[in-house]
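This report describes the surroundings of the two ligands in the structure shown below. An annotated segment of the chain follows.

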Amino acid sequence: MTTTRIAIAGLGAIGRTLAARIARGTIPGTVLTAVAARDEAKAKAWLAAEGIDVPIVALADFPAHADLAVECAPAAIIEEICTPMLTAGKKVMVLSCGALLPRPHLMELAKTHGGQIIVPTGALLGLDAVTAAAEGTIHSVRMITRKPPKGLVGAPYLVEKGLDMDAVKEPTLIFSGTAREAAKGFPANVNVAVALSLAGIGPDRTTIDIWADPTVTRNCHAIEVDSDSAKLSLAIENIPSENPKTGRITALSVIAALRKLNAPVRVGT
Ligand SMILES: NC(=O)C1=CN([C@@H]2O[C@H](COP(=O)(O)OP(=O)(O)OC[C@H]3O[C@@H](n4cnc5c(N)ncnc54)[C@H](OP(=O)(O)O)[C@@H]3O)[C@@H](O)[C@H]2O)C=CC1
Ligand SMILES: O=C([O-])CC(=O)C(=O)O
């Protein structure tokens, strides 16, 4: 079996789960060869506590260590992670996919140098069926997201509008617009809408309503797709991870995607 050398950018809720699984050898065909962290001392202490022996390197040095980098860091540093890997013709799995929309040059970089940007299903579901439907004609894609108010705190859109999530006492529609607009206003909350849009009819035709809902404890996403091959109605209720903005299933989605990289049998598109 081919072995893919993996580097992880960001040791937060997703990155730590991922690093521990790869380092334990539970994903055949993968080996953890490097990590990058903002706070090196904190990362060193965590790696030592987990018994993971892997170098902490600069993002610019990832290509010397890895065939594939997994981006699980703040959206703001996507360029620093993607540019060196893609220029070297390598692969980057991107979780902060909303940050790709204003940076089409990253997709061009992948094309020019034979690299690849992989957007996993992440905290969503059904991207297999949406990509299949997109091979025909999709008429509309609509998403509705409900999160506990604390899972939305800090979003630039809320800051700009002066919306206080502590004051939300009943389900409140706080945003309605396109996936592109949502990615700008909620860069750490609705990457899923962008993944859906990239699988289907693009960020300007995919719409999303975002509710701050104190009656839910999970991050809930519902999708309605109408196409000439199928009508899809899908829903997922994600248990938040240690980061309330991020569903637990996100790291597992990355693990499942990595497992498929070199597997002898591959299920799903
Ligand atoms: N596509 C999808 O379905 C989903 C995407 N996401 C996105 O995935 C990304 C990661 O999520 P999550 O793990 O929950 O986020 P966390 O905030 O838990 O972790 C991000 C980590 O990146 C670290 N970091 C910050 N700056 C740098 C840097 N310059 N170099 C390396 N590491 C850095 C942070 O360190 P420190 O804490 O010290 O600042 C932190 O440990 C987010 O952008 C999130 O929005 C999340 C859920 C679903
Ligand atoms: O985990 C979730 O519910 C989705 C999320 O944070 C994102 O898409 O950025």
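This is a predicted model: local features need pLDDT of at least 70, side-chain atom pairs count only at pLDDT 80 or more; totals for chains, interfaces and linings use all residues.

## Ligand 2

Residues are numbered from 1 along each chain as its sequence is written, chains are lettered from A and ligands numbered from 1 in the order in which they are written, and side-chain values use heavy atoms, with hydrogens and water left out.

Backbone atoms make polar contacts (pairs of N or O atoms within 3.5 Å) with ligand 2. An oxygen atom of the ligand is 2.7 Å from a polar backbone atom of Gly 247, and an oxygen atom is 2.8 Å from a polar backbone atom of Val 192. For Asn 191, a backbone N or O atom lies 2.8 Å from a ligand oxygen. The protein covers 94% of the 270 Å² of accessible area that ligand 2 has on its own (Shrake-Rupley method, 1.4 Å probe).

Asp, Glu, Lys and Arg count as charged, Ala, Val, Leu, Ile, Met, Phe, Trp, Tyr, Cys and Pro as nonpolar, and the others, Gly among them, as polar.

## Ligand 1

Around ligand 1 there are 25 residues, with Arg 38, Ser 96, Ala 123, Asn 243 and Thr 246 nearest. A polar side-chain atom of Asn 243 lies 2.9 Å from a ligand oxygen. An oxygen of ligand 1 is 3.1 Å from a polar backbone atom of Ala 73, and an oxygen is 3.2 Å from a side-chain N or O atom of Lys 42. On its own, ligand 1 has 930 Å² of accessible area, of which the protein covers 82%.

The shell divides into 15 nonpolar, eight polar and two charged residues.

## Annotated segment

An unreviewed UniProt entry carries the annotation "domain: Aspartate dehydrogenase" for residues 169–255; such annotations may be inferred rather than shown by experiment. Over this segment the chain is 26% helix and 36% strand, and the end C-alpha atoms are 36 Å apart.

Conventions. A residue is near a molecule or strand if one of its heavy atoms lies within 4 Å of it. A polar contact is a pair of N or O atoms within 3.5 Å; within protein, one must be able to donate a hydrogen and the other to accept it, and residues adjacent in sequence count only if both atoms are side-chain atoms. Helices (H or I, at least four residues) and strands (E, at least two) are DSSP runs, numbered from the N terminus.
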